[in-house]
Amino acid sequence: MDYRSPSSVKKAVDLLAAHDGAAHVLAGGTDLLVKLRAGFVEPKLVVDVKGIAQLRAIESDARGFRIGAAASCAEIGEHAALVAAWPGVVEALRLIGSTQIQGRATLGGNLCNASPAADSVPALIAAGALCRVAGPSGEREVPIERIVTGPGRTSLARGEFLVGFRLEKPRPRSGDAYLRLIPRTEMDIAVVGVGVALTLDAAGVCTHARVGLGAVAPTPLLVAEAARALIGSRVDDKALAALAAAASAACKPIDDKRGTIAYRVKVAGVLARRAARIALARAAGR
Amino acid sequence: MARVILSGTLKQLAGGDAEVEVEASDVRQLLRVLGERYPALAPHLESGYAVAIDGEIFQDAWFAPIRDDSEVHLVPAIRGG
Amino acid sequence: MAKHHVTTTINGDPVEFLCAPEQTLLDVLRDVLYLTGSKEGCASGDCGACSVMLDGRLVCACLVLGVEAQGCSVETIEGMAHGDELHPLQRKFLEHAALQCGVCTPGFLVAAKALLERNPEPTETEVRYWLAGNLCRCTGYDKIVRAVLDAAAEMRES
Amino acid sequence: MNDVTMKGLRERRLKVVGTRPLRPDGVDKVTGRAKFGADIHVPNMLIGKVLRSPHAHARILSIDTSKAQALPGVKAVITSADLCDLPSEFIPAGEMMVNFRDMTRNVMAREKALYEGHAVAAVAATSEAVAQEALKLIDVQYEVLPHVLDVAQAMEPDAPLLHDNMFTIGVEPRPAQPSNVAKRVEFVLGDTAAGFAQAEVVIEREFTTKPVHQGYIEPHACLASVSEDGQAELWCTTQGQFIVRGFCAKLLGMEVAKLRVTASEIGGGFGGKTVVYLEPLALALSRKACQPVKMVMSRAEVFRASGPTSGAKVWVKIGANRKGRITAAEAVLKYQAGAFQGSPVQPGCMCAFAPYDLDNVRVVGFDVVVNRPKVAAYRAPGGPISEFAVESVIDELAKRLGLDPIEFRLKNAAKEGTKAAYGPKFGPIGLVQTLEAARSHPHYRAPLKANQGRGVASGFWFNIGGETCAALNLGEDGSVTLVAGTPDIGGSRASLAMMAAEELGIALDKVRPVIGDTSALGFNFLTGGSRVTFSSGMAVIEAAREMIRRLRERAAKIWEVPVEDVVWEDGYACPANGAGGDHKPLSLADIAKTAGKTGGPIVGNAAINAQGAGPSLATHLVDVEVDPETGKVSILRYTAIQDAGKAVHPAYVEGQMQGGAVQGIGWALNEEYIYDANGRLENPGFLDYRIPVCSDVPMIDTVIVEVPNPRHPYGVRGVGETPIVPPMAAIANAVENATGIRFTQLPMSPPRVLEAIDSKRAALAKA
């Protein structure tokens with residue numbers, strides 16, 4: 001295995017292209033190094049993208065935010081404007097691992113590791129994040145829910161890699177939230193994760209909503225039915241019950257060492273309801 | 001004569017005798033007498049068992065004294081983590 | 001594959017080393033530089049025993065490649081005391097009996113120092129969540145948390 | 001030895017014992033200087049790695065190591081052929097029972113691989129990368145056999161058989177067919193049938209617990225160096241360097257004196273480092289390569305191939321009368337031993353009802369082999385499992401009788417003079433005192449909110465003594481070196497030095513305690529059984545008294561008076577009242593200065609087999625909150641109360657209580673071994689083997705009760721193990737209090753708790 005740290009997107013694309021699938025992108029390394037140590041992956045080349053300034057940047061303007069794919073969760077969590085605008089996204093990425101992991105882990109890595117249980121992804125799905133992908137044929141922008149195609153698999157073509165994320169500035173009276181269930185209070189992989197983002201009109205009626213689910217299917221899910229349960233309602237108990245039912249109905253989980261099918265289905269509904277309440281309170285407060 | 005109480009597995013091996021009287025002034029003598037009286041017991045007594053003399057447990061202590069009026073229990077040796 | 005030549009700063013001193021691309025920073029610290037204060041408890045980022053500061057960020061050295069330390073500043077447990085003067089956290093860990101076997105202690109100290117540099121007045125809950133990535137199997141965490149809170153109070157006074 | 005009576009102790013004012021000084025090894029541990037098992041590097045050192053079975057149960061048809069041997073950089077490859085095969089016989093080692101036939105097969109599989117992770121070969125190479133590469137070149141042909149993991153299934157007549165030479169011991173007549181049941185044990189007191197006939201309330205329950213790992217943060221590690229003439233050095237992380245020496249010598253066919261074992265600082269053990277895994281392999285590799293060999297387990301290897309303690313099925317039946325007296329109690333315990341016999345079912349049986357004063361008891365235990373790693377001791381081995389079951393039923397009985405659970409326990413509590421359920425009479429013990437302290441603790445009356453519950457449970461552990469040596473050496477300047485032979489796993493250098501300083505009447509900082517290697521002292525049994533502060537403490541006290549005797553002799557010579565005219569007071573040789581003249585008292589330094597002229601170096605030595613370790617009892621209180629929608633249990637408040645006899649260093653006694661309680665919390669809520677259908681462990685790491693993290697637990701309040709152990713000069717009892725006994729039942733009782741649901745299966749993880757809550761809701765809806 002060799003290691004390279006290119007200084008530009010172009011150089012990274014060239015390196016990845018030259019190795020034709022035998023190269024692995026290294027961002028924070030918190031997943032890759034574990035896989036390397038366990039022998040799950042044996043790349044010929046590791047391309048460290050942290051040396052590319054654009055991939056480390058967190059920028060905001062009137063339209064919204066651009067987050068480099070290799071910015072660490074700790075750095076993102078310290079961006080006051082982003083924390084204020086998208087508290088659900090930030091609380092989700094702050095749940096990725098320990099303080100130590102936060103110092104290295106990145107949103108790009110959390111997404112491209114393609115775990116169904118990635119904490120940041122349901123929140124970013126709910127927030128409507130767009131991903132910027134660079135490759136041999138240039139750059140393209142993709143809705144985040146289209147990146148992960150299965151456990152450990154993404155829609156990125158050979159030689160492509162993730163450059164960054166774009167989040168719109170939230171509309172007025174919007175709020176988002178992310179909740180996950182883990183057996184402990186920290187350090188676990190989500191058994192269920194739910195991100196909810198919603199917007200109210202001046203009368204308190206929900207006009208827009210997105211719901212993302214994690215760890216309940218082979219990929220993180222955007223659940224349109226769950227969002228429909230909220231839109232047009234005042235996010236009252238009836239709407240929340242419909243949301244919970246829709247969230248549970250969307251689950252296609254497996255029984256594994258972290259939870260059972262029945263448990264995940266049930267708790268997805270519970271957390272969707274709880275997350276929606278938090279998102280509602282945040283929306284109402286703005 | 002000291003009273004020796006056998007229970008459970010040891011009682012089985014001693015042909016069902018639950019309580020026996022043994023003339024012994026220390027643990028080694030006691031074990032020797034028991035082993036002679038109950039040959040099936042002998043291999044178990046060599047190791048793996050401790051003796052409780054009047055409530056106090058001795059492990060691997062051949063010369064712990066036994067009084068004439070002592071009550072002696074044989075109990076499995078304890079190891080601990 | 002050829003080894004990489006890496007130039008870095010460790011505990012304030014310039015250090016150069018050679019390492020294979022797959023060697024972690026923890027491997028380098030322990031087996032190349034013999035700085036064995038950082039411990040390997042899991043090699044997967046789950047136990048925090050290898051906590052070090054990398055350019056001012058708390059990280060697990062087992063999840064950083066040695067080559068990634070190029071041009072970086074690394075702080076380890078070996079750099080925590082100044083001369084014969086222990087850091088207040090080190091003193092408070094001793095005073096509060098906040099260690100039993102002591103193998104997790106370097107990681108806890110490095111992590112706790114990072115916390116207090118960022119948040120000089122943490123609550124008990126903040127201490128507990130900040131340190132959730134540092135496993136201790138001996139103490140039940142009680143005395144560790146007390147030591148950190150006490151050290152924070154002392155450091156605020158001085 | 002025990003010339004200080006308890007009366008004398010009460011009169012004696014202790015100056016050092018009972019205080020909270022800084023530990024002498026502390027600075028090394030907060031600066032990263034302390035050397036643990038993997039922290040050593042020596043010139044010309046090789047790295048050793050183990051090839052492990054991917055199968056839970058397989059016959060080893062052949063092992064071809066030729067390709068690995070040919071790989072440049074590989075210096076030695078070993079298989080079981082490089083270790084001695086040994087006959088099946090139980091040999092006492094210390095007071096542990098060891099079957100070396102099993103041990104040699106556990107460190108390196110012979111005929112069969114008996115669990116996933118079972119070592120089958122090992123290599124030593126110039127680097128870890130080469131060693132890893134070499135492992136891939138070893139060709140092992142297996143015939144995969146059906147496996148069995150569950151204890152009940154393993155006891156079925158048609159279960160896959162692990163050992164075709166295993167005939168159940170303790171069954172008369174001897175069974176004609178081999179089975180996976182290694183042993184049946186039975187403890188009987190009184191007549192349980194008659195006792196149950198008198199009972200007005202009887203409760204019978206079956207419990208299941210999962211194997212749990214000790215979870216020490218430091219993986220197993222060692223460095224072996226065998227020279228061409230067969231003399232060997234071994235550095236390793238262990239709870240007993242002398243035990244390692246004995247085991248390795250046997251497995252390698254060496255003389256004990258040829259092998260010097262040095263215990264490194266030990267990064268946790270909890271019983272899991274009382275056996276050998278890597279050590280004999282490193283020695284065998286080093287012997288073959290004639291170079292030092294270092295071996296370190298990965299965390300996955302630790303989970304797959306070391307520890308854990310048994311999973312079990314436990315059936316308990318207890319009857320009581322309306323007055324609240326227990327009339328009879330029965331239990332059947334089936335413990336997993338792992339791949340080789342030797343589960344802690346026997347102490348499990350003995351502990352089960354030990355806290356209670358009972359007339360009629362019957363406990364039957366089964367030691368059952370399954371295709372899992374061989375269990376190792378884990379903190380009060382056997383006790384937490386059976387006492388979890390019993391303390392759960394005790395709680396339910398109290399509820400059924402309308403009695404407060406502490407009152408019910410007090411009505412039945414064992415005390416001094418009670419005939420223990422396992423036979424002998426108890427000396428002074430502190431259960432009643434811990435129960436009374438719990439009852440009067442503010443925690444017990446604090447208000448609870450919705451979905452919250454409080455639980456109480458008690459626990460018992462025997463504690464042990466055993467073979468122990470200690471040496472005190474007087475330096476030329478009057479300072480004292482203390483050499484102990486029991487690795488310091490949690491502050492024992494502090495407590496031992498404190499006892500030495502107390503006896504000698506000198507300042508604690510005049511005593512430098514070190515842990516000696518196997519050449520420094522006579523045999524020492526290991527650090528385990530909560531024995532170190534008790535046994536090594538007794539040895540240190542005896543060594544100090546011998547040193548004092550010699551110091552008095554020297555003073556008498558200096559003063560030219562009979563030794564009877566010299567007394568030792570507060571660190572000085574003084575003329576006895578009315579005799580010995582008016583000499584100026586002599587300090588240790590004064591006497592040391594002329595030691596050469598008065599007869600040579602001054603030392604105090606002790607070599608004892610410590611007897612009379614008093615049991616320690618505890619009562620724990622816990623408050624939990626159960627999320628009724630997710631099944632997640634949170635620990636809100638915890639109070640651990642325990643009899644320490646005499647707390648030599650109270651801070652480290654509290655630390656034992658707190659650490660044991662939190663390990664118990666992990667056992668109760670989330671820790672378990674999870675296997676797939678092929679018998680492969682699915683969670684061999686701290687990510688999914690979920691030990692409690694800092695944010696999972698509250699402060700653990702402690703109350704130390706002191707009921708002195710009359711057999712120790714200061715009244716000390718072991719404290720390290722008992723604290724892990726009560727938590728599982730205390731938490732189950734609290735969860736029951738919060739939800740009305742009795743959990744009989746550990747761990748009480750969120751999916752299990754939610755499932756039970758939902759079933760209860762469904763049943764209520766139906767009704």
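**Chains, cores and charged pairs**

Mentor: Start with chain A and chain C: six salt bridges cross their interface. A salt bridge here is a side-chain nitrogen of Lys or Arg within 4 Å of a carboxyl oxygen of Asp or Glu. Keep in mind that this is a predicted model, where local features need pLDDT of at least 70, side-chain atom pairs count only at pLDDT 80 or more, and totals for chains, interfaces and linings use all residues. Residues are numbered from 1 along each chain as its sequence is written, chains are lettered from A and ligands numbered from 1 in the order in which they are written, and side-chain values use heavy atoms, with hydrogens and water left out.

Trainee: Which residue forms a salt bridge with R118(C)?

Mentor: E78(A) does, with the closest N and O atoms 2.6 Å apart.

Trainee: How many residue pairs are in polar contact between chain A and chain C?

Mentor: Nine, with both residues at pLDDT 80 or more. A polar contact is a pair of N or O atoms within 3.5 Å; within protein, one must be able to donate a hydrogen and the other to accept it, and residues adjacent in sequence count only if both atoms are side-chain atoms.

Trainee: And what area do chain A and chain C bury between them?

Mentor: About 2300 Å², 59% of it on carbon and sulfur atoms. Buried area is the accessible area (1.4 Å probe) that two parts lose on being put together, summed over both. On the chain A side, M1(A), R37(A) and Q100(A) supply 28% of the area buried against chain C, more than any other three residues.

Trainee: Which chains do not touch?

Mentor: Chains A and B are one such pair, with nearest C-alpha atoms 27 Å apart. Chains B and C do not touch either, and their nearest C-alpha atoms are 14 Å apart. Among the four pairs that touch, chains C and D have the most contacts. Contact means heavy atoms within 4.5 Å.

Trainee: New topic. Which residues touch the most other members of the largest nonpolar core?

Mentor: F93(C) and F353(D), in a core of 206 residues. Helix α12 (residues 383–401) of chain D gives the most to this core, nine residues. Helices are DSSP runs (H or I, at least four residues), strands likewise (E, at least two), numbered from the N terminus. A nonpolar core is a set of buried Ala, Val, Leu, Ile, Met, Phe, Trp, Tyr and Cys residues joined through side-chain atoms within 4.5 Å. Buried means under 20% relative accessible area, exposed over 50%, partly exposed in between (1.4 Å probe, protein chains only).

Trainee: What is F353(D) in contact with?

Mentor: Leaving aside neighbours within four places in sequence, the contacts of F353(D) include V316(D), I318(D), L358(D) and V390(D).

Trainee: Are R742(D) and D395(D) buried or exposed?

Mentor: Both are buried.

Trainee: What about R140(A) and E160(A), which parts do they tie together?

Mentor: R140(A) lies in strand β7 (residues 138–143) and E160(A) in the loop between β9 (153–154) and β10 (161–168) of chain A, so the pair ties together parts 20 residues apart in sequence. Their salt bridge is 2.8 Å, N to O. R140(A) is partly exposed at 32% relative accessible area, whereas E160(A) is buried at 13%.
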